[in-house]
Amino acid sequence: MSANPETENRHTISVVVDNEPGVLARVIGLFSGRGYNIESLTVAEVNLDENLSRITVVTSGTPMIIEQIKAQLTRLVPVHKVADLTLDGPHVERELALIKVNGKGNARVEALRIADIFRARAVDSTNNSFVFEIVGNTGKIDAFIDLMKPLGLVDVSRTGVVAIARGRSAL
Amino acid sequence: MASEQMNGANIMLKALVDQGVTDIFGYPGGAVLPLYDAMFNHNSIRHILVRQEGGAVHAAEGYARSTGKVGVVVVTSGPGATNAVTGLTDAMMDSIPLVCITGQVPTHLIGNDAFQECDTTGITRPCTKHNYLVKDVNDLARVMHEAFYVARSGRPGPVLIDLPKDVAMALGDYVGPKAVKPKHYAPQVKAEPTKIDQAVKMIAAAKRPLIYAGGGVINSGPQASKLLRQFAKLTGFPCTLTLMGLGAYPASDKQFVGMLGMHGTYEANMAMHDCDLMIAVGSRFDDRITGRLDAFSPGSKKIHIDIDPSSINKNVQVDLGIVGDVKVVLQDILKVYKAKKVKSDAKAMKAWWHEINSWRKTDCLSFDKSSKTTIKPQYAIERLYELTKKHKKVMITTEVGQHQMWAAQHFHFDQPNHWMTSGGLGTMGYGLPAAMGAQIAHPDALCIDIAGEASILMNIQEMATIAQYRLPVKVFILNNQYMGMVRQWQELLHGGRYSESYMDSLPDFVKLAEAFGAVGMRATKLSQLDGVIQDMIDCDKSVIADICVDQMENVYPMIPSGAAHNEMLMGPADKAEKPVSEEGMVLV
């Protein structure tokens, strides 16, 4: 953790919750009601037997705020576990994006070439458009989108960050 | 365990009975009619019919706060639920355990903008500890028992159950509380032993210590108050209390230095500022307590004991946060303290007490007693305290404003659960229904709502409830014909421009009392005060006592917004020298 109590850092937090109606609203309401940032948020059911969902939220704040966010999340009744992946050790973060690029001629070829460098796949194509699928961390996807802008970028859909700790330990 | 089939309404009632509920506060309406129908032939639960749903929630708060039990509220859908929102928020802020049952339109109409429909769980999500919408009658018994568990465990709070009308009428299985597995929700009650050891070490090293205890001690139960006292006696440490904590430590004890905070005593605030060890017990470093944060107790190490981890390091960074139930943590600290035969530093303590006693000499709660005719509001409270002393059980509730602060300063509590006030939310209109709820729980007690003439009008309709159940609730109005606290702030911060704070055309409170079947009394002169108070106490009916007090009196001492603990205003003469800062002005 940063030694300076005023420095704002980005944290990736995993929250395991009961998959019940309103649980996402509870989490989002907590962030908006208390004025915390949400940079990215993903949610899906991960354990059908126990009916649990996992929420991954990327937020930023001073160490005191981050501690507060985690304590506030823990306090919610349907929350089972809260883990700060940023603090707990190395972890893997991934995002998936679908990116639509319209173009003809050279721009189209260039888009395809860059997609290849980024290991993005074309999942849809017409004579004058592509939809690329790209997986990676947030920075990689941002970079790809930047490069697509002059080549006819028209639409972006991103999943937001999912993350998991490296090594054997499980949440 | 064998289950029984019954309809949703009866499941709900049976769950209430099995949870030990004897009284509920409510108001019927279309969507809760099945529940009221089931209640019609029920005889072990008493329903108190309030006159507005907001009153029901505050009454349940008064009931809960005075008994330590969970308060129960039943209201209908739509406006019934929205009227309950203020009370739920109040209970959330002050950690009062409640279960609020709201009717809802039938499931097939939810989302259709049906008559008296509102998104109750959506609206109440941020102002309840948890809430449920029950769509399957077979979930109902479990949800009911779970709701009581959640409401009273950990940091208590309000839990809401939204029950669609068709679910209330459908047949389903009932299961008892024992058949319901507790949720994974399990707040930490016992602290880590290493933290207890560390706390004892810090306590042993203290030279200028202070115990700063709050409402959490009261929520932890009467045993916690006893342990707090033991701890103070054993260590010889001074103790201050928050507004919500009054009664957690006996006011008559000489180690009590008074309430702290914005209108706390000089000695309590100076001790907070100058201490070298602060032991926060079930208190939450509210902005009314801390004053300007960067000047808050700059030289102290801080221990914070709280059952709610999110309270620790929220406003003030502490040196040792101990998560656990106050009662259990105090017990553990005492055990280790005794086992290690720790002794407080006698010489340092003597010097510290000497300093505290010198602050005490400022006699910060004194007020001008020179007038032979005008009733000073502080004096009215002093007399009320003196004259009610011989009554064996006195319950005080308040509304919000100047009268509330004077009551906190001049009425003294030696036991927990006798003082009920809206501390966090500051809800005008809290006191009358809360006194009503306390009176229901304690029929033999002398329940007094210390009120202002503005606040009392916010839930005055509950006088009708008081009449219906023949509750001998007393309303003691400090009538200065102003929204006093608003006027005080306008005087101090807004150049004396009393914008909309004068209460023109007030009702005649004596006649108002009579209209509600109560007894009305009035004191306008000092000579009448004792007589009116005594008559009020002696009267076996409900009373509204209209005490016409000095109109321009302000609450002192005061830490102005944006100021530090050692920058208190001691009285009217003080304010000219210390203008409130720009930053202070924007604070509430």
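The following legends describe close-up views of a predicted two-chain model.

Because the model is predicted, local features are given only at pLDDT of at least 70 and side-chain atom pairs only at pLDDT 80 or more, whereas totals for chains, interfaces and linings use all residues. Residues are numbered from 1 along each chain as its sequence is written, chains are lettered from A and ligands numbered from 1 in the order in which they are written, and side-chain values use heavy atoms, with hydrogens and water left out.

**View 1. Overview of chain A.** Chain A contains 5 helices and 9 strands, where helices (H or I, at least four residues) and strands (E, at least two) are DSSP runs numbered from the N terminus. From the N terminus on, these elements follow the order β-α-β-β-α-β-α-β-α-β-β-α-β-β. The C-alpha trace spans about 55 × 45 × 35 Å along its principal axes. Of the 171 residues in chain A, 40% are buried; buried denotes under 20% relative accessible area, exposed over 50%, and partly exposed the range in between, with a 1.4 Å probe and protein chains only. Among contacts (heavy atoms within 4.5 Å) in chain A between residues at least 6 apart in sequence, 73% join residues at least 24 apart.

View 2. Over all chains, the structure holds 16 aromatic pairs. Rings of Phe, Tyr and Trp (its six-membered ring) pair if their centres lie within 6.5 Å; planes under 30 degrees apart count as stacked, over 60 as edge-to-face and the rest as tilted. The rings of A:Phe118 and A:Phe144 have centres 5.2 Å apart and planes at 55°, and the pair is therefore tilted. A:Phe118 lies in the loop between helix H4 (105-117) and strand E6 (121-126) of chain A, and A:Phe144 in helix H5 (residues 138-148), so this pair ties together parts that are 26 residues apart in sequence. A:Phe118 is buried, at a relative accessible area of 15%, and A:Phe144 is buried at 0%. Ring pairs join A:Phe118, A:Phe130, A:Phe132 and A:Phe144 into a cluster. A:Arg108 lies over the face of A:Phe130, at 4.3 Å from the ring centre; a charge sits over a ring if NZ of Lys or CZ of Arg is within 6 Å of the ring centre and within 35 degrees of the ring normal.

**View 3. Aromatic residues of chain B.** B:Tyr385 and B:Phe411 form an edge-to-face pair, with 5.1 Å from centre to centre and 70° between the planes. B:Tyr385 belongs to helix H15 (residues 377-388) of chain B and B:Phe411 to the loop between helix H16 (402-410) and strand E16 (419-420), so the pair ties together parts that are 26 residues apart in sequence. Both B:Tyr385 and B:Phe411 are buried. Elsewhere in the chain, B:Lys369 lies over the face of B:Phe367, at 5.0 Å from the ring centre.

**View 4. Helix H6 of chain B.** Helix H6 (residues 137-152) of chain B has 16 residues and reaches 24 Å from its first C-alpha to its last, close to the 22 Å expected at 1.5 Å a residue; the expected span is 1.5 Å times one less than the number of residues. H6(B) bends by about 25° at B:Val143, the bend being the angle between axes fitted to the seven residues ending there and the seven starting there. B:Asp136 caps the N-terminal end of H6(B), with a side-chain oxygen 2.9 Å from the backbone nitrogen of B:Asn138. Beyond the helix comes B:Gly154, whose phi is positive, near 60°. Buried residues of H6(B) include B:Val137, B:Leu140, B:Val143 and B:Phe148.

**View 5. Surroundings of B:Ser66.** B:Ser66 is placed in helix H3 (residues 53-67) of chain B and is buried, with a relative accessible area of 5%. A polar atom of the B:Ser66 side chain lies 2.9 Å from the backbone oxygen of B:Gly62. Leaving aside neighbours within four places in sequence, B:Ser66 is in contact with residues including B:Met395, B:Asn417 and B:His442.

**View 6. B:Ser310 and chain A.** B:Ser310 is located in the loop between strand E13 (301-306) and strand E14 (320-323) of chain B, and is buried at a relative accessible area of 1%. The side chain of B:Ser310 makes a polar contact with the side chain of A:Arg75 (3.3 Å). A polar contact is a pair of N or O atoms within 3.5 Å; within protein, one must be able to donate a hydrogen and the other to accept it, and residues adjacent in sequence count only if both atoms are side-chain atoms. Not counting residues up to four places away in sequence, B:Ser310 touches A:Gln68, A:Ala71, A:Gln72 and A:Arg75.
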